[in-house]
Amino acid sequence: MKPLLVTSHCQSTVLPRLLRGARLAGLVAAALLLAIPGIAQEKAAAQEKAAAAAPAPAPKKPAEYIGSEMCGSCHEDIAKAFQKNPHQIVETDKKRHFDTKACESCHGPGSNHMESMSAADIRNPLKLRPAEADRACLTCHLNQPTHVGRINSSHAKNQVSCVSCHSIHKNGPHGLVPRKATEINQLCSGCHSDVWASFQRPFKHKLPEGAMSCVDCHNPHGGILPRGLQTANANEPGCNNCHGDKRGPFTFEHAPVRLEGCSACHQPHGSANPRMLTRSEVRFVCLECHSNLPAPTLPANGTLGTTPPAFHDLRSPRFQNCNVCHQKVHGSYVSRDLLK
Amino acid sequence: MRFLLALILLAPAFAQQSPAQANPPAKPEEKAAEATAQTETKAEKPADKPAESPAPSTESWIDGSVDFGYRWLTNVNGNFQQYRSIVNLGEGPKLFGVDLTIQDPKRRLFDRLDARAYGWGGDPYSTAHVNMRKAKIYDLNFDYRNIAYFNAVPSFANPSAPLGFNEQTFDLHRKTINATLDFNPGGHILPYLAYERNSGYGNGIETWVNESTNEYPVPTVFRDSTDNYRGGLRLEYNRFHVTVEQGGTTFKDDDQAFDRTYQGGDRTTPLFGQTLYLTGLNQAYGIRGTSYYTKAIGTLHVTSNMDFYGQFLYSDPKTDVNFNELAAGNFSQINSLLFYSNQLTIGTGAANQPHTTANLGYEIRLFKNHLRLMYSWITDRYTDNASPFVTQTFGNGSATPPATIATALNYGQKVNYDQQQWDVLYDLGSKITLRGGIRWVSGDATVLAGSLSQTGNLVSGKLDRTIGLGGLTYRPNQKFTANLDYEGSSSDNIYFRTSLNEYSKGRARAKYQFNSALGLQARFTVLDNQNPDPSIRYSLRARDNAITLFWTPKSSKFVSLMGEYDRSTVQSSISYLGLFLSQQTSSYRDNSHSATAALNLTLPGVVPAKLTVGGSLFVSNGSRSTQYYQPLVKLSLPIGKHVYWNTDWQYYGYGEQAYMFEAFRTHVFETGLRLTK
């Protein structure tokens, strides 16, 4: 009967809540959408005005491809080092249709730049809008498995372009981006400084020690899981890559492990609490969920936590760290109470 | 104010080992370049900066470095178990690091081989990595890690028990091996093979529980391993990409507990006049698991304005259970007031969890890519069919027939999750990008209830959440970037009392590069969550403010500085059922300050020496007031063209207000040579 009660409760509240949430989200989206035509109009008008005021520039002929050899005649040092750059393959490979034009595959046709010697006449991805810079890279790299999660990537949505992390002119087969754990962590913490601060806490994963890197757990290109979390064995959380013993399936599952993930109880970036727990005492990690009264009126928001174990004397230190006894808290093969 | 002053004064001395410092000492110009890379993304470099020249290529066959030496520890003052739980560095000769690159000029077996290894010689984290490749033939990556997991935190178990802190103690190593072999790199058709292994082994002390009447710490041997084999094919063309992968996994868990000593357990008083004790235990797990999985992912570049993305992931893990346990002593079953002297437990069963995940999405770009629409749909669903069967037989050594309890279940769990998200991004000129969107999340779950549940074996929950998204990126010039993000949700149903319900999440980030030497970054994040249900009354507010300063003057190659300060607060309160089911409030507070700094000085000379002073500090007040200091000093002295003498000092100091007996402090010295070629 409980689900029926829950359903009826939800029915009574679902409409106003949905409306409220939709209104909130709608406001943001609508404001943005409404702003666009107006802003575009203003911008177009301003451009027209400016165009009318300024003398008409001499028409420039469309740039043409000149080939990498020509680029190298001036940019000699870059051209020389480029021989060992991973992108050198573009120079010889017909696959991407930029053979003999590797430089221009990113920088665009260079004939105007060659004539004027002006930096303004060549495309520099570093100066482009992030979306434009990404397009230059994705011309070749979109159709690779790395970018299949791009549609969910917070980096892509927050205008963190490819060249923010990748040094295109760097050398070596894997030189475009750091490969050593310490260097990867350094790169990520350059922006995610608040996350890096968490790793200074006593209980944390061993990133400052160089034993792990951010990309062991997160896919910076985006993935199917929230926060770009890596996956294991197709669609399991990436945590299982190292913590294989917590993977299951167990004959007695602990629901939050599947439904909310490890961060329901752990702070994976670091904590002052032992075992990276979210609370300083284990009992509160447990009891904050396991506190639904055994009455028929389960709360609509938070139905899955069960009754607390009333027969334990919580004043006694014996019972204050629940998982001293309920030690198989990630799931058990033989005990419904997760005791063994 | 005093704290701030102290912080400023101590920042260079008390600071953390920044990630870069774990590397072998780099040349000053490399260091400066690294630090610069932190302060500015490449996209934000000054506009007039000329194109950066790549590092000159080496003509040498082999180059690299090796670091080796010796580590000393002063006596660990305080709690040694806690030291091992947090730091765990040991004494002795060490191979700190090897970094090697071999380029075969004749390109016989490989074009280039990169190998590196860190932390060998008994260190708690040893790693090795090899990459070997031959253009258009193969690309081999091998990664190995062995990470020690020692955990014996006194306050974590039962501080008042006779053997208290020993419970839930582990001295384990987790090893991971990852090898992937890609064929035809850079081509259109790329087959690949991979093997991964994750295993844990070691000893520990777990708890053998006799209902709620007593519990006993027992020595345990841990053994588990997961082997994963997979292979696939990638098709990469200009218009589309498809990857199809098939994999399989085997799993085994052979944990064992064995004890032959008399133990009184944690209970300090007799139960109905009888003393409860354990005199012998044999416990063995024999868990075997298999899984196969399928992965199909693809991207499609439909037109210059439209891209499609898709993923289909399926796994089907299965587990077979074999468990047996024999315990002897004096035990009690409180429900039936039964006292007995031995207990035999046999567990069998199986679990099977077919799990499907899929994602479809597309991106449409309009108005010369100024307007982008992104849509993504994700679904994740699994069913869990479990059939545990456990019998417990209680005997008392007399002629009385033993009592038996059998637990047999045959149940199915179901979890469905769906998410849709729309994002609209608009570039307002070249300086401003606006973002807005909406995300709908819904789900339903029927899962195994706790044994005290009033609703039977299964319990159901729902998830319905609507989330509004908004954001702004402002880049007025190459020196300044600001980013704002907002996410606000209204939930109709959530699974757990502590789940996000009515929440708002905001984040602001700004970076300013004053000049080529000096950069500043600030971040601010806040999360506010409310669940006003009268039986829950959950209120959470978490804030994090961080400021980072980089100073890498290019005119002076002799000094660079990185400093970071972070302050975070967490205020959480939620009502819960405490003693005798009385409603109480659980309040958690964390008010912490973290600071890290690294001052790099290059001492003048023909071949310059390098001094690094820095480290980290963490100070928190609140529910677990903690101080953790890790200052360090590193000196690298050149004693030959290719030989450096490296000496490090690092101090580890840890203390807690509530559990003062867990404090420790120690000095760690390392000295050794770095040979380079």
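Modeller: A definition to begin with: two strands pair if DSSP finds at least two bridges between them. By that rule β17(B) and strand β18 (residues 371-386) of chain B pair, in the antiparallel sense, over 12 bridges. Bear in mind that this is a predicted model.

Biologist: Which strand runs antiparallel to β17(B) over 10 bridges?

Modeller: β17 of chain B covers residues 355-366. Within it, B:Tyr362 stands opposite B:Phe308. The strand joined to β17 of chain B by 10 bridges is β14 (residues 306-315) of chain B.

Biologist: In the hairpin of β17(B) and β18(B), which residue takes a positive phi?

Modeller: B:Thr356 has B:Arg381 in β18(B) as its bridge partner. The hairpin has 4 residues between the strands. Most residues other than glycine have a negative phi. The residue with a positive phi, near 50°, is B:Phe367.

Biologist: How many residues of chain B are in contact with chain A?

Modeller: Chain A puts 135 residues into the contact. The largest share of that side, 19 residues, comes from α1(A). By class, the side of chain A that touches chain B has 60 nonpolar, 43 polar and 32 charged residues. On the chain B side, the number in contact is 191 residues.

Biologist: Is α10(A) enclosed or open, and how many of its 9 residues are buried?

Modeller: α10 (181-189) is one of the helices that supply at least two residues of the side of chain A that touches chain B. Its buried residues include A:Ile184, A:Leu187 and A:Cys188. α10(A) is largely enclosed by the rest of the structure because the number of its residues that are buried is 8 of the 9.

Biologist: Which residues have the most contacts inside the largest nonpolar core?

Modeller: That core has 55 residues, and its largest share, 5 residues, comes from α14(A). Not counting residues up to four places away in sequence, A:Tyr333 touches A:Phe250 and A:Thr251, along with B:Tyr285, B:Ile287, B:Val321, B:Phe323 and B:Gly347. The residues with the most contacts inside the core are A:Tyr333, B:Trp208 and B:Tyr495.

Biologist: Which peptide bond in chain A is cis, with omega near 5°?

Modeller: Most peptide bonds are trans. A:Pro249 lies in the loop between β2 (236-237) and α13 of chain A. The cis bond runs from A:Gly248 to A:Pro249.

Biologist: Why does A:Thr100 count as partly exposed?

Modeller: A:Thr100 is in the loop between α4 (88-92) and α5 (102-107) of chain A, and its phi is positive, near 65°. A residue is exposed at 12 or fewer C-beta neighbours and buried at 20 or more, so a count in between makes it partly exposed. The count inside 10 Å for A:Thr100 is 14.

Biologist: Is B:Phe272 buried or exposed?

Modeller: B:Phe272 is in the loop between β11 (256-259) and β12 (277-285) of chain B. Its phi is near 50°, a positive value. With 9 other C-beta atoms within 10 Å, B:Phe272 is exposed.

Biologist: Which residues does B:Phe661 touch, not counting residues up to four places away in sequence?

Modeller: B:Phe661 is found in the loop between β32 (643-656) and β33 (664-676) of chain B. With 12 C-beta neighbours inside 10 Å, B:Phe661 counts as exposed. The C-alpha atoms of B:Phe661 and B:Phe150 are separated by 18 Å. The residues that B:Phe661 touches are B:Asn79 and B:Pro154.

How values were computed: Residues numbered from 1 in each chain as written. Chains lettered and ligands numbered in written order. Predicted model: local features only at pLDDT ≥ 70, side-chain atom pairs only at ≥ 80, totals over all residues. Contact = placed C-beta atoms within 7 Å. Nonpolar A, V, L, I, M, F, W, Y, C, P; charged D, E, K, R; others polar. Core = buried A, V, L, I, M, F, W, Y, C linked by C-beta atoms within 7 Å.
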